[in-house]
Amino acid sequence: MRECGSGTIGVNYGLNGDNLPTPSDVINLYRRCGINIVRLFEPNHGVLDALQGKKDLVLWLGTRNEDIEGFATNQLAANTWVNANVVPYYKDVNIAYITVGNEVVPGDAAAPFVANAIKNIMQALVNIGIKSDIKVTTVVAMTGLEVSYPPSAGAFTDSAAGIMKDIANVLGSSGAPILVNVYPYFAYASNPQQISLNYALFTSTAPVVVDGDLQYFNLFDAMVDSFYAALEKIDAEEIRIGISETGWPTSGNEPFTSVDNALTYNKNLVNHVTSGVGTPKRPNLKYDAVLFEMFNEDLKAPGVEQNFGFFFPNMNPVYPFWNC
């Protein structure tokens, strides 16, 4: 199985704030901190301009969910998007992925259009002569699973299974991974009676879940492997998984949220990913992971959603994490 990256760490760059630093300052902060992947949820030309010439940074570039149906049904719409957001930048910006939508699967009305939208964006790239350099995929949520425990029983919901099979067929043709948002925090906070904090934070010293021959010391691996099991059940076992979001909020739902928990989770996640150990189901298979997120954003819903950031908008750290 081909690797999905090299154990590289990134951070999501959200823009849902009215007091955020300039894109140039933010991109310089990424570089000072040694953060290698920038994920944008949709094109922002100020950010794309700031990335020009900084080929040490890898960009995962998203499209808006509301554009997906148009891409799927009209090749011209896909061409226009690529001409506006890729053509002016791809020679000077290191674009690794175009992600067609965020968490559209399973429930969004655009979900049935994702596979064809990916195909048409791929064709738009071929049209400008960059067929293999930029991979096209989508970002899905764990809510697409009907069953996730034990990991080997992982299976998609009836509504997601057919859509995921169509997407997997497209990705299989290009070698692109599926990108998944994986949040042990939400699983733990919604069921603390049955999920231990140590299991969620990577701090368990003994296996918590034994699934056949596989032992799980942390919830993150169990969640990823449940998604692999679901892919196997739709005959898509060759598709690899990359992590487009994961993280832990510092505030908003005490006692589950705290600086200590966020620091512990994110530090252990980084060590886990960069070590290259893979997961019990996919041992030694390297993948990239993008943490959520760069800043606390004041235009998001109050509570935990405003408190995933590594930095305040003034660029001071919420807690010490990066060496910058």
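Helices and strands are DSSP runs, numbered from the N terminus. The structure described here is a predicted model.

Helix H1 spans residues 23-33. Within H1, the buried residues are Val 26, Ile 27, Leu 29, Tyr 30 and Cys 33. Viewed down the axis of H1, these buried residues fall within an arc of 150°, so they line one face of the helix.

Searching the whole structure finds one cavity of 30 Å³ or more. The volume of the largest cavity is about 50 Å³. Its lining consists of Val 224, Tyr 228, Ile 241, Ile 243, Gly 278, Thr 279, Arg 282, Leu 285 and Tyr 287. At least two residues of this lining come from helix H9 (219-233), and at least two from strand S11 (241-246). By class, six of the residues lining the largest cavity are nonpolar, two are polar and one is charged.

The largest pocket holds about 630 Å³ of space. This pocket is lined by 24 residues, of which Ser 148, Ala 187, Ile 195, Leu 219 and Met 223 are the closest to its centre. Strand S6 (145-147), helix H7 (184-190) and H9 each contribute at least two residues to the lining of the largest pocket. The lining of the largest pocket comprises 16 nonpolar, six polar and two charged residues.

Note on methods
Residues are numbered from 1 along each chain as its sequence is written. This is a predicted model: local features need pLDDT of at least 70, side-chain atom pairs count only at pLDDT 80 or more; totals for chains, interfaces and linings use all residues. Side-chain values use heavy atoms; hydrogens and water are left out. Buried means under 20% relative accessible area, exposed over 50%, partly exposed in between (1.4 Å probe, protein chains only). Helices (H or I, at least four residues) and strands (E, at least two) are DSSP runs, numbered from the N terminus. The arc is that of the directions from the helix axis to the C-beta atoms. On a 1 Å grid over the protein atoms alone, a cavity is a set of points where a 1.4 Å probe fits but cannot get out, and a pocket is an open set with protein on both sides within 12 Å along at least five of seven lines; lining residues have an atom within 4 Å of a point. Grid points are joined across faces, edges and corners, and a volume is the space filled by probe spheres set on the points. Ala, Val, Leu, Ile, Met, Phe, Trp, Tyr, Cys and Pro count as nonpolar, Asp, Glu, Lys and Arg as charged, and the others, Gly among them, as polar.
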